[in-house]
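Here's a quick briefing on a fold you have on your screen.

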Amino acid sequence: MVILGGLARLFMWWDYAGAERGLALLWPALGRGLRYDLVAGAIGASLIGLLMVPVWLSGRRELAIRLAQWLSLALLMLFAVLSICEHFYYGFYKTRFDPIVFGMFEDDTGAILETVWDDYPVVWGVLGLLLVGGALRWLIPRAGGWLAVRWPRASGAWGRALLLVLQCVLLLLLARGSVGSFPLIRRDVTVSADPFVNALVLNAPLTLYRAARTRANETEISQDPTVGLKRLGFADLADAAKAAGLGSADPQHIEAALFAQAPGQPRALAQSPHVVLGLLESFGQDLLYADGPGNDMLGRLRGELPTGQRFENFIAGQNGTHPTLENLLLGTPITPLTRGRNARLGFDTAAALPFQRAGYRTVFVYGGGSDWRDIGTALTHQGFDRVYDARDIKQRFGKARGTEWGLYDGWLFQFAQELLAQADARGERLFLVLLTTSNHPPHTLDTPRHEYPLDPAALGPRALADPEQLRMMLATYQYQADELGGFLQQLREQPLGERTIVAMSGDHNLRSHYRYDLPAEQVDVDRVFAWMRVPAAYAPSTSAPDTTAFAGHADLVPTLVELALPGQRYFATGRNLWQPAPDGGQALAQFDRLYTHAGLLLPLDKPQLHRWRDSRHLQVQGVAPDAANAAQAHRAAAWVALRDWHIRQQVVRRRG
């Protein structure tokens, strides 16, 4: 396992960082990683040994040896398979195994497997694994024989018993990895000021184990609602409240402080605007830097951008569509939250509730199936009057087509346009949330569309090596942008547009089109497209948004509520983007990375500051933050902790 673990780290380093930064920085990760490989190996050997004890004691020692060899082969092959899977997982998500990996079993698993087959070297990977398996099958019995000859032998029953005890003690120590107070697996893996080096320390089985534990801690909400705040380093609720700047640790006072009231006098429904909030699949910001005459990434969206406000430093709150959706619509740091028995729980943090209380009709439209992640059930308990999906769109437009993930975006936008027009004609006001699907692997487009020039070479040398695959990715991105532009143009050219606020944002970046140098280019991983259009009747006359300040998904709902619903109470996850941004704003990515004008603070509970080199690059080496930056990170962590506590409190109360 030590050899396999070392090779996995070398390949990951070379593919994702080493070509630019050399091998010198890798040695600390290899050194500490060796200890973790020994931990994984010792745990595996211990399990095999325990399984073989009954066979050995029954007198069938030859069978026990053969079974142990086959189980050892299976264990090593599992290690190799996980390492390969994680290598490509990192290339896609830009992180080692994390809780999102388990989404494979919650999404359309068949569609995911088809995407893997289309986009990754599955055949070559299987052939490589067969070669590794053959080599290990030849090596394991010979290595066992070599050890049997050289391992010290003991004579007599007592001698053999003592040797067995010593072997067991050695395995236990290796499995624990430490003789101190805590086992190695629970220790900090920080060996460098470079986060990418630290990310390489653990091996694939242990990162999967940590991901499983994190997921269990996040989603299995126990009777103790302080679990999340303790994980962020706060001793108790009072400690978090103090760090957040609250004057009281009384739970009722804290819960009240988590909500805000939109300023101003309530409007009559007839004078209120429709509100459209769109979440765009994989609509990262970085591809727009390659936009130009020979590589048109915008299509009809280009003409619509000047009619609203485009936010240049907008950070995705999460790294997956469903986590982003829950973050946006529930303000929750805990994800997945609305699965299983939680799917029928209602949360007072829901974004649709202020609109529903104001008399709006609240509607969610998804280009895929509403059984995806139980959203058809969950969202109807979060203040949405109706959830429409691909079946409803297909029923309205019989010619609608799509991919295994959902209908093409053009049909979704046509459906949304009709819902707005119908609601307006009836005198209703609509809070309409859209979720697109087309810009998703395997990036197939067999629908009529506008033709604009595409040039994969515009992305530069760090782009995906396969130009045809890259062209397909650019085409679906361009298609989504163009169809969005057509929807916005049609809306703007109608009287309806003057009473409709529109906010559009990517859910996360495109991921697999580009090989990022992390953490230097982390901001390009986290930054997504974001744009808003607010008719003059609803835009504050005394202020305008700072479109260069840092902002994120947490700011969208507060902004929409304050612009559309004066007097309404809402869950205060962020700031109104039409108000001044203190110190250039701030934005959280995955509740672990805090972007500020000073740089990137990472991780949130024990931050190092990576200062800006320029608007798209950070310093690779982190430094200890000064008092002001440390306080900013601590305060942000405290508010995350309090929101986490509030969500858990609701689950505990409702399960009662």
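Leu127 is partly exposed, with a relative accessible area of 42% (partly exposed sits between buried, under 20%, and exposed, over 50%, using a 1.4 Å probe and protein chains only). This is a predicted model, where local features need pLDDT of at least 70, side-chain atom pairs count only at pLDDT 80 or more, and totals for chains, interfaces and linings use all residues. Numbering starts from 1 along each chain as its sequence is written, and side-chain values use heavy atoms, with hydrogens and water left out.

**Helices and the surface**
- Leu127 belongs to helix H5 (residues 122–150); helices are DSSP runs of H or I with at least four residues, strands are E runs of at least two, and both are numbered from the N terminus.
- Helix H20 (residues 556–564) is mostly covered, with nine of its nine residues buried; among them are Leu556, Pro558 and Glu562.

**The sheet**
- Seven strands make an open sheet in the order S3-S11-S10-S2-S9-S5-S6, with mixed pairing (two strands pair if DSSP finds at least two bridges between them).
- Strands S3 (309–310) and S6 (386–388) stand at the edges with a single partner strand each, so one side of each has no neighbour in the sheet.
- S5 (residues 361–366) and S6 pair in the parallel sense over three bridges, and Phe364 has Val387 in S6 as its bridge partner.
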